[in-house]
Amino acid sequence: MGYTKEDIIKMTKTMPQIFCYSIENINQKIDDLVSLGYTKEEVIKITNSFSSIIGLSIENIKQKINFYDSIYIHQLVIEDSKQLMQSISLSYARYQYYLSKGIKIDMSNYHKLFMNNKHFERHYGITKEELLKKYNY
Amino acid sequence: MVELYNIGISDNTLKSMIEINPEITELTKEEIIKKEELLKKNNCSKTQILNIISSNPMYLNRENNDIELLLNYLQKTGFTCLNILFDSNPYILNLDSFEIEKYINDRINKGEKLEDIVDNLDSNPYLFQEV
């Protein structure tokens, strides 16, 4: 499939549920990711950095990738795959909040979307609850 | 199983779900609806419910009482917006409240404050895999 022995050990430590998946299932997940616009090598890189993606349903993965594509940070998925874990509802709410403040999110500052909650609240004076209520995905 | 299609789960995803948890084929419509209701009670949208259940089929087998204990514990400890937490890491729903409590207490005993631990977990839901 393209994984090294070390890759597999790391992935199975992070996500032991992977042992329950058939090879066919994992291949399907890889094909699904390729169909979303990534090369096989990029998919290997993504799944190595964020093994839990193998466990997410394709509906879930598509939703996340489509959102980040829609705001032109497609590369995030390859370069910082772990961020895919964050709920799209929160990413969307923060993105809209930044837009309202005239802050454009791109690959140079995407970390703003994934800021620690307390830090975001202290910095911008809005709680997560208020943010999600105001910008409902 | 019809109820799972009603949630929006595709054939391929259902096939994956059955691989992880073959027992879901035995679940009744009412059992699945009850699991959805527990999520709705915590403000999960239809999309979030789809994400959670399709990514974590083991959730469907959990005892309702254990899920309620988990939800109550998380709220009591200070976690808010549980819908966002579970949408970020659906596998949290497989944990028992006492497991998370022990993990948090271990960190408190190392000198961390509860509110900082909660914020750390809430902001980095993958950390629940350390529990």
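Leaving aside neighbours within four places in sequence, B:Glu68 is in contact with B:Lys34, B:Leu38 and B:Lys41, and this residue of helix H5 (residues 64-77) of chain B is one of several positions taken up below. The model is a predicted one, and for chain A the mean pLDDT is 90, with 100% of the residues reaching 70 or more. Chain A has 8 helices and 0 strands, while the residues picked out in chain B include some that touch chain A, such as B:Ser55 and B:Tyr91.

**Chain A as a whole**

- Read from the N terminus, the elements of chain A follow the order α-α-α-α-α-α-α-α, and the C-alpha atoms of this chain fill a box of roughly 45 × 25 × 25 Å when the principal axes are used.
- Chain A has 137 residues, of which 52% count as buried, and its accessible surface comes to about 6,800 Å², with 54% of that area belonging to carbon and sulfur atoms.
- When contacts in chain A between residues at least 6 apart in sequence are considered, 63% of them join residues that are at least 24 apart.
- Confidence within chain A is lowest in helix H1 (residues 5-14), where the mean is 77, and highest in helix H6 (residues 88-100), where it is 97.

**B:Ser54 and B:Ser55 in helix H4 of chain B**

- B:Ser54 belongs to helix H4 (residues 46-55) of chain B, and B:Ser55 has its place in helix H4 of chain B as well.
- B:Ser54 has a relative accessible area of 5% and is therefore buried, since the cut-off for that class is under 20%; B:Ser55, at 2% relative accessibility, also counts as buried.
- The side chain of B:Ser54 reaches the backbone oxygen of B:Asn51 at 3.4 Å, whereas a polar atom of the B:Ser55 side chain lies 3.0 Å from the backbone nitrogen of A:Ser57, in chain A.
- With neighbours within four places in sequence set aside, B:Ser54 is in contact with A:Ser57, B:Ile9, B:Thr13 and B:Met17.

**B:Tyr91 and its surroundings**

- B:Tyr91 is located in the loop between helix H6 (82-88) and helix H7 (97-109) of chain B, and with a relative accessible area of 12% it is buried.
- A polar atom of the B:Tyr91 side chain lies 3.4 Å from the backbone oxygen of B:Ser55.
- Not counting residues up to four places away in sequence, B:Tyr91 touches A:Met15, A:Gln17, A:Ser52, A:Gly55 and A:Leu56 in chain A, and B:Ser55 and B:Asn56 in chain B.
- The C-alpha atoms of B:Tyr91 and B:Ile52 are 8.2 Å apart in space, although the two residues are 39 residues apart in sequence.

- B:Glu68 is partly exposed, with a relative accessible area of 27%.
- B:Glu68 and B:Asn124 are 56 residues apart along the chain, and their C-alpha atoms are separated by 23 Å.

**Helix H8 of chain B**

- In helix H8 (residues 114-123) of chain B, the buried residues are B:Ile117, B:Val118, B:Asp119, B:Leu121, B:Asp122 and B:Ser123.
- The buried residues of this helix pack against helix H7 (117-124) and helix H8 (128-134) of chain A, together with H5, H6 and H7 of chain B.

**Positive phi values**

- Most residues other than glycine have a negative phi.
- A:Tyr72, by contrast, has a positive phi near 60 degrees; A:Tyr72 sits in the loop between helix H4 (58-70) and helix H5 (76-79) of chain A, and with a relative accessible area of 69% it is exposed.
- B:Cys81 likewise has a positive phi, near 50 degrees; B:Cys81 has its place in the loop between H5 and H6 of chain B, and with a relative accessible area of 17% it is buried.

Definitions and conventions:
Residues numbered from 1 in each chain as written. Chains lettered and ligands numbered in written order. Predicted model: local features only at pLDDT ≥ 70, side-chain atom pairs only at ≥ 80, totals over all residues. Heavy atoms only, no water. Helix = DSSP H or I, 4+ residues; strand = E, 2+ residues; numbered from the N terminus. Buried < 20%, exposed > 50% of the residue type's maximum accessible area, 1.4 Å probe, protein only. Contact = heavy atoms within 4.5 Å. Areas by Shrake-Rupley, 256 points an atom, 1.4 Å probe, with all protein chains shown as cover. pLDDT = per-residue confidence, 0-100. Polar contact = N/O pair within 3.5 Å; in protein donor to acceptor, adjacent residues only side chain to side chain.
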